Amino acid sequence: MRYFVPPTRVNGQDALEERLGRLTRKPGVRASLVLDRQTGAILKTSGDASALLTAKSRTSSTATTLATAEAPAPEDKESQGMEDFAAMIWTFVKQSSRFVEDVDQEDEMRLLRLRTKKQELVIVPDPKYLLVVVHETPPA
């Protein structure tokens, strides 16, 4: 007798790819980001990269720098901006998790949702990954 094993259970990477694919196809999704839960390292990005940049990196990529003879390539600035964004998300999740544990040690964080005037971040913590989805905020 053969047992059917769903593809999401065969490999953790396959499950991650499937989940990410489903989320990024939803209407209003601008970008997604997958971080390593332990280190905060960027594992995967998709969508509009500008949605994954900090305000500082957006303004520095459009400004010209006269201080150095050779300005960094735009790709380097974009990459650094994404690294900064990922670091802020990772810190936010760590602090939020600590808050939940301080309130009730038997509880755990399942989802973080941060909505601004311009966009909404949905962060799903997993034991191995942090999945971040950036949505457009519909007009009120």
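## Basis of the model

Residues are numbered from 1 along each chain as its sequence is written, and side-chain values use heavy atoms, with hydrogens and water left out. Since this is a predicted model, local features need a pLDDT of at least 70 and side-chain atom pairs count only at pLDDT 80 or more, while totals for chains, interfaces and linings use all residues.

## Confidence

The average pLDDT, which is the predictor's confidence in each residue on a scale from 0 to 100, is 79 for the protein, and 76% of the residues score at least 70. Confidence is lowest in helix H1 (residues 7-10), with a mean of 44, and highest in strand E3, at 94. Over residues 1-10 the pLDDT stays under 50, and the model has four contacts for this stretch beyond four places in sequence, where a contact means heavy atoms within 4.5 Å. Over residues 61-72 the pLDDT is also below 50, and this stretch has four contacts in the model beyond near neighbours in sequence.

## Overall make-up

The protein has four helices and five strands, which follow the pattern α-α-β-β-α-α-β-β-β when read along the sequence. Helices (H or I, at least four residues) and strands (E, at least two) are DSSP runs, numbered from the N terminus.

Of the 140 residues in the protein, 31% are buried; buried means under 20% relative accessible area, exposed means over 50%, and partly exposed lies in between, with a 1.4 Å probe and protein chains only. Among the contacts with a separation of 6 or more, 49% are between residues 24 or more positions apart.

Two strands count as paired if DSSP finds at least two bridges between them. Strand E3 (residues 112-115) pairs with strand E4 (residues 119-125) in the antiparallel sense over four bridges, and a hairpin of three residues joins E3 to E4. Strand E4 is also joined by seven bridges to strand E5 (residues 129-136), again running antiparallel, and E4 and E5 form a hairpin with three residues between them.

Strand E4 is mostly covered, with six of its seven residues buried.

Gln119 lies in strand E4 and counts as buried because its relative accessibility is 16%. Not counting residues up to four places away in sequence, Gln119 touches Arg30, Ala51, Leu114, Val134, His135 and Thr137. The C-alpha atoms of Gln119 and Val134 are separated by 6.8 Å, although the two residues are 15 residues apart along the chain.

Val134 belongs to strand E5 and is buried, with a relative accessible area of 0%. Leaving aside neighbours within four places in sequence, Val134 is in contact with Gly28, Val29, Arg30, Ala31, Ala51, Leu52, Gln119, Glu120 and Leu121. Between the C-alpha atoms of Val134 and Leu33, which are 101 residues apart along the chain, the separation is 8.5 Å. Ser96, found in helix H4, is buried at a relative accessible area of 14%, and touches Met109 and Leu112 when residues up to four places away in sequence are not counted.

## The second largest pocket

On a 1 Å grid over the protein atoms alone, a pocket is an open set of points where a 1.4 Å probe fits, with protein on both sides within 12 Å along at least five of seven lines, and lining residues have an atom within 4 Å of a point. The second largest pocket holds about 180 Å³ of space, a volume being the space filled by probe spheres set on the points, which are joined across faces, edges and corners.

The lining consists of Arg37, Ser97, Val100, Glu101, Asp107, Glu108, Met109, Arg110, Pro125, Asp126 and Pro127. Helix H4 (residues 74-103) gives the most to this lining, with three residues. By class, the lining residues divide into four nonpolar, one polar and six charged, where Ala, Val, Leu, Ile, Met, Phe, Trp, Tyr, Cys and Pro count as nonpolar, Asp, Glu, Lys and Arg as charged, and the others, Gly among them, as polar.
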